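Trainee: Please pick one part of this structure and take me through it closely. Then show me what surrounds it.

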Amino acid sequence: MEQLSNLVISDHELEAIRATLSKLLHDTSASTVMLLDKSGQVISNFGNGVRRNVTSLGALLAGAFSSSRQVAELLGEKDFRTIFQQGMHENIYTTLVEEQWLLVIVFDKLTHIGLVKVLSKKATDELVRVLARVKADTSRRKTSVINVEFRSSVEDTIDLLFRD
Amino acid sequence: MALINIATHEIHCKIVYYGIGYCGKTTNLQYVYKSINPAIRGEMLSIATETERTLFFDFLPLDLGTVHGFRTRFHLYTVPGQILYERTRLAVLNGADGIVFVVDSQAEKFEENVQSIAELEMYMRRLGKDLSHFPFVMQWNKRDLPSALPVHVLDRYLNRRRVPAFEAVASSGIGVFATLRAISKSVIAQL
């Protein structure tokens, strides 16, 4: 499995992602809907359930998901594509979008898991289409952002900030 | 995998510290957390056992602020070093943009270091990446210990690719930022 080295998300595609997440949040009455990259980075985050520590949450959820796929391999199972974490008040449903992104829905006991499963499947189908466009567009858009000036400015900033 | 979000003007990169148990991966992150300007860093997250060994990973987000119109973030991770956590190491490596291989310089740890780097090479191949063309630096840690092997020996047997290598005593911070600067620049150069 070859991993991409970059993924560039444009305004247009982020808008499509936001529209999908917002609709899912509304239709499931979830408290939060997030789209993560499997490396743990938060691409978009909707709702009022998780305001703080979004970055840490992204890292942990992606880590838990990645870990569960290793469990699947040890069991001889082809893959676990979803994880359901059930709490007293809050539940989390995480599902894979192709091999690249994770769709996360945080919801309480007033929302039925069946509804979350069905609607997240619909949302995943839409996100797969967005992902295909993002992948196709990445190399073209990257050159418009990552140029010599950018690299040199970041290097200067690294020298300035990463020191004792 | 670096994420470049043009819409929100953000760039995220993931750096993983890899190496054997007790080689000093967590110590590197703890020193960065303790010494760097607090405005740059987020909360450090550690999933450890009761005896403070890393069970899953440590995580430290660093935010360089807005550079050339883009908010640039580095997320530092460590893998658990103990042999039995090999599957967890693979899980944490997923999506990495750069790797620091932390070597415990002590002679008695040499064989373990060799096995660990072989394991890393295997995992990278499994992830479809070639370490020879990937942001990768070495850190010779624990240089202050009496049984530390000479650097030229470590370099010859553990650094076949001749990637940048840094001497360190992570517990007192020596070499920690030099290593971090090198891997961060290498990641940016590869974007």
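**Strand β5 of chain A and beyond**

Mentor: Start with β5(A) and strand β6 (residues 101-108) of chain A, which pair in the antiparallel sense over 8 bridges. Strands here are DSSP runs of E, at least two residues long, and helices are runs of H or I, at least four, both numbered from the N terminus; strands pair if DSSP finds at least two bridges between them. This is a predicted model, in which local features need pLDDT of at least 70, side-chain atom pairs count only at pLDDT 80 or more, and totals for chains, interfaces and linings use all residues. Residues are numbered from 1 along each chain as its sequence is written, with chains lettered from A and ligands numbered from 1 in the order in which they are written.

Back to β5(A). Find Asn91(A): it stands opposite Phe107(A) in β6(A). The two strands form a hairpin with 3 residues between them. In that turn, Glu98(A) has a positive phi of about 50°.

Now the other partner. Strand β5 (residues 90-97) of chain A also pairs with strand β4 (residues 82-86) of chain A, in the antiparallel sense, over 5 bridges. Here Tyr93(A) of β5(A) faces Phe84(A). β4(A) and β5(A) make a hairpin too, with 3 residues between them.

Next, cross to chain B. Strand β1 (residues 6-9) of chain A pairs with β1(B) in the parallel sense, over 4 bridges. Asn6(A) has Ala2(B) as its bridge partner. The contact takes 43 residues from chain A and 46 residues from chain B; residues are in contact if their C-beta atoms, placed from the backbone, lie within 7 Å. On the chain B side, β1 (2-5), β2, β4, β5, α2 (86-93) and α5 each supply at least two residues. α5(B) gives the most, with 8 residues.

Look inside chain B. Its sequence runs β-β-α-β-β-β-α-β-α-β-α-β-α, with 5 helices and 8 strands. Of its 191 residues, 50% count as buried. Buried means 20 or more other C-beta atoms within 10 Å of the residue's own, exposed 12 or fewer, partly exposed in between. In helix α1 (residues 25-35) of chain B, 8 of the 11 residues are buried, so the helix is largely enclosed by the rest of the structure. Among them are Leu29(B), Tyr31(B) and Val32(B). The buried residues of α1(B) pack against β2 (10-18), β4 (54-67), β5 (70-78), β6 (98-104) and α5 (176-190) of chain B.

Technical notes
Contact = placed C-beta atoms within 7 Å.
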